[in-house]
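Student: I have a new model to look at. Can you walk me through it?

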Amino acid sequence: MTEFNLPDHPHRRFNALTGDWVLVSPHRAKRPWQGQVEKAQEDKRPSYDPICYLCPGNERSSGDFNPDYQATYSFINDFSALMETTPDGGFTDGELFIAESERGICKVICFSPRHDLTIPEMEVEQIKGVIDVWQEEYRSIGSVDFINYVQIFENKGAINGCSNPHPHGQIWASKYIPVEPSKEDKRQKEYFEKHGTTLLSDYLEKEITAGARLLCQNDHFVALIPFWATWPFEAMIISRKPAQNILAFNEEEKTALAAIYKSLTVMYDNLFEVSFPYSAGIHQSPTDGKDYPWWHFHMHFYPPLLRSATIRKFMVGYEQLATPQRDVTPETSAQLLCSLPTTHYKKSC
Ligand SMILES: [Zn+2]
Ligand SMILES: [Zn+2]
């Protein structure tokens, strides 16, 4: 038998950030595909759509009208999953039936007035405007007394379940710290207490030395495919400095975040020459007023596409019942993304 190696042999990888595992089966990457072929998304949109409830000046289902906004615009979600007015309380019946009241605030952030402009097609200065709003919202929502975690995220593309094509993101802020940030809080805290440095500082240093999973970088941020990535083209943006949250970034750093957000999403769009769907979001410190020196600002990107604009990765079967699994290794995915032109495909033709 040959000696074990990561590029060829089935193995499982540890997610140091969550404590979860992923199964990697690189030998299967070349198996024939006979599954579903979905239709490519139509990506020809007008810059203004009179029936879009997110376009400037239009009426929303609540009866409110959007102002004639010129840049990034945020408002309370008309279909909020969490309400400010929910009374405190809960329900328990022994150890097996437990429910707790959850209070929160949900907002929608229209990235720009343009119905047809996604992040990779916006100018860095316009994306910086989105990041300014994230920072303001994290500060103001996070300062509400019952809000202890502010989840900022974006769900892009119909294939990914996004209900409106107007480029927008969301904020769901809650009293309780949600499941994923909770796992990462525990892991990062344990690491910080043991080593005195943030888990992601040490991780980033090793990734920069290794190089195999790096996608792009600038003075303040690095984009990479994590060693433990589950989705075929999953990526992270990590700040070089161990910032607890977005409030730690000055104007120059926010511009650098905008620039790398654009570079990564241009890579994504260029991969299959399609507006690349993904869910993305920020993980950062809770807003309960405590100090979190172990928290290290980062963004996750979870794109569902696998091998073309129409063929997506499903998390079913073994993944639902046992462990998430991937065929192509994170290193191969990184290589593929890095081989693409850095100019958006719509601009280069
Ligand atoms: Zn619109
Ligand atoms: Zn995270």
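Student: What covers the buried residues of helix 1?

Tutor: The cover includes strand 3, strand 6, strand 7, strand 8 and helix 4 (251-272). Helices (H or I, at least four residues) and strands (E, at least two) are DSSP runs, numbered from the N terminus. Contact puts C-beta atoms, placed from the backbone, within 7 Å.

Student: Which residues of helix 1 are buried?

Tutor: Among them are Ile127, Val130, Trp134 and Tyr138. Buried takes 20 or more other C-beta atoms within 10 Å of a residue's own, exposed 12 or fewer, partly exposed in between.

Student: Where do these numbers come from?

Tutor: This is a predicted model: local features need pLDDT of at least 70, side-chain atom pairs pLDDT 80 or more, while totals for chains, interfaces and linings use all residues. Residues are numbered from 1 along each chain as its sequence is written, with chains lettered from A and ligands numbered from 1 in the order written.

Student: New topic. In what order do the nine strands form the open sheet?

Tutor: The order is 3-6-8-7-12-13-11-10-9, with antiparallel pairing. Strands pair if DSSP finds at least two bridges between them.

Student: Which strands stand at the edges?

Tutor: Strand 3 (73-76) and strand 9 (214-217); each has a single partner strand, so one side of each lacks a neighbour in the sheet.

Student: And how many bridges join strand 11 and strand 13?

Tutor: Four, in the antiparallel sense, between residues 235-239 and residues 298-302. Alanine 235 stands opposite phenylalanine 301 in strand 13.

Student: What does helix 3 touch?

Tutor: Helix 3 (residues 199-210) packs on the sheet, touching strand 9, strand 10 (221-224), strand 11 and strand 13.

Technical notes
Contact = placed C-beta atoms within 7 Å. Axes fitted to C-alpha atoms, helices over the stretch in contact; angles between N-to-C directions.
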